[in-house]
Each structure stands twice: as C-alpha cells, then as structure tokens.
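Subject: Structure handover

Hello,

Here is the structure for you to look over. My notes on it follow below.

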Amino acid sequence: MYGKQHLSEQPELQEYLSLSMSKLSNKVVRQTDRFVIVEATDAHHLLQELTVPALALKGKEDYVPISDAIPYTKVEGGHVSPLEVPKAVFEMIQKVRDL
C-alpha cells in the first residue's frame, strides 16, 4: 500500500497501518477484502460519463490503474499518497478546488 521509498524513510507508516487495521474485527476485514478486492467492480467506464471538471492523483507505485478519461498527476508513493506525500496531495486538492 505504501511506496518502498516512503516505508524506508518513514517506518512509522507501517505501524500506523497495522494500528488502524488492528481496530477492525476479522469479520470486517474479510468483508472489506471481499468487496474491494475479490468482488470489486471495474468502474472505469463511469469516468467517461463525468459531467464536471475532474483531476486525478496517483501514487507512482500504486497498483490501481488510472484512466486517460481525466487528467492525472503522479506523485511519489503508493496507494496511500495522503500519508506519504501530504503536501503534494494538498496542492492537488487546491487545484481541484480552483477548477
């Protein structure tokens, strides 16, 4: 979930993930895995149907594919970019706000 570089520079991120996940029951973890990973529905086609301006942000090591339907910016990190590069994410939020 985290980029390798950020885990080596900020080992506390792994602790943060472990702590937050430890608060979930086994049932909730299994349900989440089923809905988000095993039975996930590809919603890329919905991006083609957007009728509002949009921008996307993707971590360079993120495994989730990105669509060319909307402009996107790659930042360092993985799937949890707000924890890895909060400044870059904040700047992206400002860009979206200014659309």
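Start with Val 28, which is found in helix α3 (residues 26-38). Helices (H or I, at least four residues) and strands (E, at least two) are DSSP runs, numbered from the N terminus. This is a predicted model: local features need pLDDT of at least 70, side-chain atom pairs count only at pLDDT 80 or more, and totals for chains, interfaces and linings use all residues. Residues are numbered from 1 along each chain as its sequence is written, and side-chain values use heavy atoms, with hydrogens and water left out.

Confidence comes next. The chain has a mean pLDDT (the predictor's confidence in each residue, from 0 to 100) of 81, and 96% of its residues reach 70 or more.

Val 28 is partly exposed, at 32% relative accessibility. Buried means under 20% relative accessible area, exposed over 50%, partly exposed in between (1.4 Å probe, protein chains only).

Now the salt bridges (a side-chain nitrogen of Lys or Arg within 4 Å of a carboxyl oxygen of Asp or Glu). The structure holds 2. One joins Glu 76 to Lys 60, with the closest N and O atoms 3.0 Å apart. That pair links distant parts of the chain: Glu 76 sits in the loop between β2 and α5, Lys 60 in the loop between β1 (56-59) and β2, 16 residues apart. Arg 97 pairs with Asp 98, at 3.2 Å between the closest N and O atoms. Arg 97 is exposed, at 58%.

Last, Gly 78. This residue lies in the loop between β2 and α5 (81-84). Gly 78 is buried, with a relative accessible area of 1%.

Best wishes
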